[in-house]
Each structure stands twice: as C-alpha cells, then as structure tokens.
Amino acid sequence: MTTDTDQLARARRAVRQQAQTSALLGVDFVPCFRTGEGIVAVEAPAAPRPAPAEPGRADAERAMGALRARYEADAPHEKFATPHRYNKLVWGDGDICARLMFIGEAPGADEDATGIPFVGRAGQLLDKMIAAMGLRREEVYIANVLKTRPPNNATPTVEEAALCAPYLHEQIAVVAPEIIVTLGLPASRLILGSTESMGQMRGRWAEYTGPGLGAPRIPVMPTYHPAFLLRSYTPENRKKVWSDLQMVMTRLAGA
Ligand code: URA
C-alpha cells in the first residue's frame, strides 16, 4: 500500500530530478501521470536490468572482443574513398549488457585522442542527457556508425556507413539492448534503412531489424544529435529531445 510519506518522498525525488533536468536541457515542465489518488510525478526509470549472471556477461565480453579483433583485421575504413588518418580506433563504451544503447555517427578529435566515444562537447551533453534520464553512462552502451575519425569531422558518407554497418549490426547483437536511441541522421538512417529527415523520424518509435533471418526486433527512438543541439540550442529543440528521451524512459520503466 502506498502511504502519504512514500508519495511525498517520490514527489520530492522527482522534483529534484526534474530541477536538474531543467537546468541541463532547458525544459520547463514536470513529467507526471494521473492515478486514482491524483497526479503523481514520474520518477527515474526502474533500476537497470540486473547484471546478467555469468557466463552471460563473459560470453558477451568474449564476443565483443572477437568482433573488435575482426574489425581491426578487416579494417573496413581502409576501403574508404577518403582515407581516415586516425590515432585511436573508437569502438564503444559502457555496459555491453546494457538495456539502452546510443548510436552516434563518428568520432571527433577528442574521441580520436582517447579512443572513447562521446567525450568531447557533444559527449558532455550526451552525459547530461543520460543523467537526466536517471541513468549513469556506465549503465548504457555507446557506439558509433564509424569507428575512425573522418577528416575535417566530415559527415560519414553512405558508402563509409555501409562498409562499417556489418560490424555495428554485430555490436548491437552482442549488446542486445531493449531500446536503441539513434543520434542524428547518419545513425538513424542506417539503423532504420530510412531516407527520411530527422524532423520526420524523431519523436516516433521505429523498429530495428538486424540482418539475417530471426534477427531480433528492437524499438528505436531517433533523436537529434547532441552536436546539433549544441549548434541550435533553442528551447524548442531541447524540448523535442527531452520529449524523445522521456518516451524512452517510459518504455524502459515498462509502462
Ligand atoms: N559525435 C559522434 O557522433 N560520436 C562521437 O563519438 C563523438 C561525437
């Protein structure tokens, strides 16, 4: 039975979380839902999926290690029309058994220097978005379409994305997330096999179907890339991204 004290504590937590979120994303509303007992503020999503029992995680780690080694041996980036002269391969980061996976487009200068995706300015905003969702970066998995930094931070070409796609599909299969969030156009188009604009894709659930028979179907929420958000940091865009992320939170919470 829910007591008044429980409700008050939940409301306090939700308001605190909302205040942090507002500061980060510039939104000006409190997510809430109606129950028989009145309006109740939404809390952070349920705790992340419990760590899979060994050997589930060990298997995933082995599979991810083998996949990365195969990528390095195949070096699909060497077939790009424009050579990528990179420092570090940027493979992925986070929990390889995560419930939620973010997919961006390609490493930038900071990622190239560290070998870790999303650590530059866009990455710092992504971290804030993840925190606003009530999650920690270590609880999600983050990868990119391309694993090497394009010269001049160019947007990945369709050909480059296609050469790297098989490895991303396998990365998704290893993580087997419950939900994918694609960040920006190259990732959204590749994952959904779509030619729509971000404006058309974002804010609507879509479905990822991996290659091959019997491939799992995973719900996908396309949203704006944090780098775009930094360039166009308008209340309208921030509200749209926050609304996309709220849909993800609601689904993760099993609502
Ligand atoms: N932008 C991306 O798409 N990926 C990164 O890792 C960094 C910036």
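Which backbone nitrogen lies 2.9 Å from a polar atom of the side chain of His 225?

1. Basis of the note. This is a predicted model, in which local features need pLDDT of at least 70 and side-chain atom pairs count only at pLDDT 80 or more, while totals for chains, interfaces and linings use all residues. Residues are numbered from 1 along each chain as its sequence is written, and side-chain values use heavy atoms, with hydrogens and water left out.

2. The ligand and its shell. Gly 104, Glu 105, Ala 106, Glu 111, Pro 117, Phe 118, Asn 144 and His 225 surround the ligand (each has a heavy atom within 4 Å of the ligand). By class, this shell comprises three nonpolar, three polar and two charged residues; in this division Gly counts as polar, Ala, Phe and Pro as nonpolar, and Glu as charged.

3. A polar backbone atom of Glu 105 is 2.8 Å from an oxygen atom of the ligand, and one of Ala 106 is 3.0 Å from a nitrogen atom of the ligand. Phe 118 also takes part, with a backbone N or O atom 2.9 Å from a ligand oxygen. Taken alone, the ligand exposes 240 Å², of which the protein buries 91% (areas by the Shrake-Rupley method with a 1.4 Å probe).

4. His 225. This shell residue is in the loop between β8 (217-223) and α8 (226-231); helices (H or I, at least four residues) and strands (E, at least two) are DSSP runs, numbered from the N terminus. His 225 has a relative accessible area of 12% and is therefore buried (under 20%; exposed is over 50%, and partly exposed lies in between, with a 1.4 Å probe and protein chains only). In answer to the opening question, the backbone nitrogen belongs to Ala 227.

5. Two residues with positive phi. Most residues other than glycine have a negative phi. Phe 118, in the loop between α3 (109-114) and α4 (121-132), has a positive phi near 55°. Asn 152, in the loop between β5 (141-144) and α5 (158-175), has a positive phi of about 55°. Phe 118 is buried because its relative accessibility is 5%, whereas Asn 152 is exposed because its relative accessibility is 76%.

Conventions. A polar contact is a pair of N or O atoms within 3.5 Å; within protein, one must be able to donate a hydrogen and the other to accept it, and residues adjacent in sequence count only if both atoms are side-chain atoms.
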